[in-house]
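Subject: Structure handover

Hello,

Please find the structure below. My notes on it follow.

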Amino acid sequence: MKKNKIRKQFLSGFERILKIDYMISHMHYPSVEDFARETEASVATINRDLRDLRLKFGAEDILQYDRNEKGFYYSQPSFRIPAMLTSEKQIIAAQLMSNLLKLIKNTPIYSQAIEVFTSLSEDLDGNSKIKAKKLSNRILFLGMEPVKIDNEIWEKLEDAMSKNNYIKFNYEGYGDQKFVVQPWQLIYSQGMWSLYAYNQNPDIKDIRFYNLPGIKNLELLKETFTLPEDYEYTKRAKGNFRRYIGKELLRCKIKITSEKTLNYIKTYKWTDDQKFKKQDDGSTIMTFTSNQDYPILGWVLSHGMYVQPLEPKWLVDEWRENVKSMAKLADGV
């Protein structure tokens, strides 16, 4: 009876480079022969790996050869190549992240990010890639189709934000009027990229959101500004109802009469201080504070007859007017 031959498992290119990197950082001047012996690869293959280590992994000026010691070393001892994707689970995670990034396609950063994720896993074995692809196709991220962003506008905004330069532009719907703003952040929400900025115009002097497709004739100005410590949107916005910051912090009280609607609402973190209290009549009172006034109104209306605002008065009045108007429309059908 013939014995089954055991197939020898050779290291992939990336695995060999990881091994070479480890040997350089932990051994005393390892040589090409040392690398070949440890990885069971040919000298020619090792020389190609050393070239890739220099050109593809950032070690071009760091990987050095000592003629006296007849071996390699790093001129920066702390240098290490990133471990990248070395397991099937990591490949799956990367594939899922690349799928998630499709929610922000039509922007320059999308293609760059996809290129990174592709390069990370290109040296891994085929079986792992196939398994990862199968699972990633079973997990889906849904969202609004992202709007197309002009590459020139995007690049100018990135440049302005990196240097804190003022920018000037026309905005759709405002004719020939020019806005001069401090570009603070780019924000993605529900398929739309917008610029979160402070408008310097004397008649405005306030924080504004500008949807990127509406920005025209963008210019970078030489003048620079000092970024406020609390510029971040997440530090100013109180609530997660939509991309919006109102003038006033509202203390809201909402009555929820449907158990199914309640279970849905409780699943999410709408605000940091949201609380729910069961009532004797079976309903639940939700309380929270937020400065996102109009998004809260839309959120309440989206739940139909199962959610009723009780406070503040502004929210109750606006909700009532909307309900009356919708009732008139329904009566006319």
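A residue is called buried if its relative accessible area is under 20%, exposed if it is over 50%, and partly exposed in between, using a 1.4 Å probe and protein chains only. Buried residues make up 38% of the 333 residues in the protein chain.

Some notes on the source. This is a predicted model, in which local features need pLDDT of at least 70 and side-chain atom pairs count only at pLDDT 80 or more, while totals for chains, interfaces and linings use all residues. Residues are numbered from 1 along each chain as its sequence is written, and side-chain values use heavy atoms, with hydrogens and water left out.

Overall

The protein chain has 11 helices and 11 strands. Helices (H or I, at least four residues) and strands (E, at least two) are DSSP runs, numbered from the N terminus. A contact means heavy atoms within 4.5 Å. Among contacts in the protein chain between residues at least 6 apart in sequence, 59% join residues at least 24 apart.

Helices H1, H2 and H3

Which residues of helix H2 are buried? In H2 (residues 32–39) they are Val32, Asp34, Phe35, Ala36 and Thr39. These buried residues pack against helix H1 (13–26), helix H3 (43–55) and strand E2 (71–74). Just after H2, glutamate 40 takes a positive phi of about 60°.

H1 and H3 also pack with each other, at an angle of about 75° and with their axes 10 Å apart. That makes H1 roughly perpendicular to H3. Axes here are lines fitted to C-alpha atoms, for helices over the stretch in contact, and angles run from 0 to 180 degrees between N-to-C directions. Angles of 65 to 115 degrees count as roughly perpendicular, under 35 as roughly parallel, over 145 as roughly antiparallel and the rest as oblique. On the H1 side the contact is made by Gly13, Arg16, Ile17, Ile20 and Ile24. On the H3 side it is made by Thr45, Ile46, Asp49, Leu50, Asp52 and Leu53.

Two strands pair if DSSP finds at least two bridges between them. An open sheet of five strands has the order E6-E5-E4-E3-E7, with antiparallel pairing. E6 and strand E7 (215–224) stand at the edges, each with a single partner strand, so one side of each has no neighbour in the sheet. The twist averages 45° from one strand to the next. Helix H7 (residues 151–163) lies across strand E3 (165–171), E4, E5 and E7, and runs at about 20° to E7.

How many bridges join E4 to E5? There are eight between strand E4 (residues 178–189) and E5, and the two run antiparallel. Tyrosine 188 has tryptophan 193 in E5 as its bridge partner, and valine 181 has asparagine 199 in E5. The hairpin of E4 and E5 has two residues between the strands, and glutamine 190 there takes a positive phi near 50°.

E5 pairs with E6 over six bridges, also in the antiparallel sense. The bridge partner of alanine 197 is arginine 208 in E6. E5 and E6 form a hairpin with six residues between them, and lysine 205 in the turn has a positive phi of about 45°. Six of the eight residues of E5 are buried, so E5 is largely enclosed by the rest of the structure.

Aromatic rings

Rings of Phe, Tyr and Trp (its six-membered ring) pair if their centres lie within 6.5 Å; planes under 30 degrees apart count as stacked, over 60 as edge-to-face and the rest as tilted. By this rule the count comes to 25 aromatic pairs. In one of them, tyrosine 171 and tyrosine 174 have ring centres 6.1 Å apart and planes at 40°, so the pair is tilted. Tyrosine 171 is buried, with a relative accessible area of 14%, whereas tyrosine 174 is partly exposed at 47%.

The rings of tyrosine 196 and phenylalanine 209 have their centres 5.2 Å apart and their planes at 25°, so this pair is stacked. The pair links distant parts of the chain, 13 residues apart: tyrosine 196 is in strand E5 (residues 192–199) and phenylalanine 209 in strand E6 (residues 206–211). Tyrosine 196 is buried at 0% relative accessibility, and phenylalanine 209 is buried at 19%.

Ring pairs also link Phe241, Tyr264, Tyr268, Trp270, Phe288 and Trp299 into a cluster.

Regards
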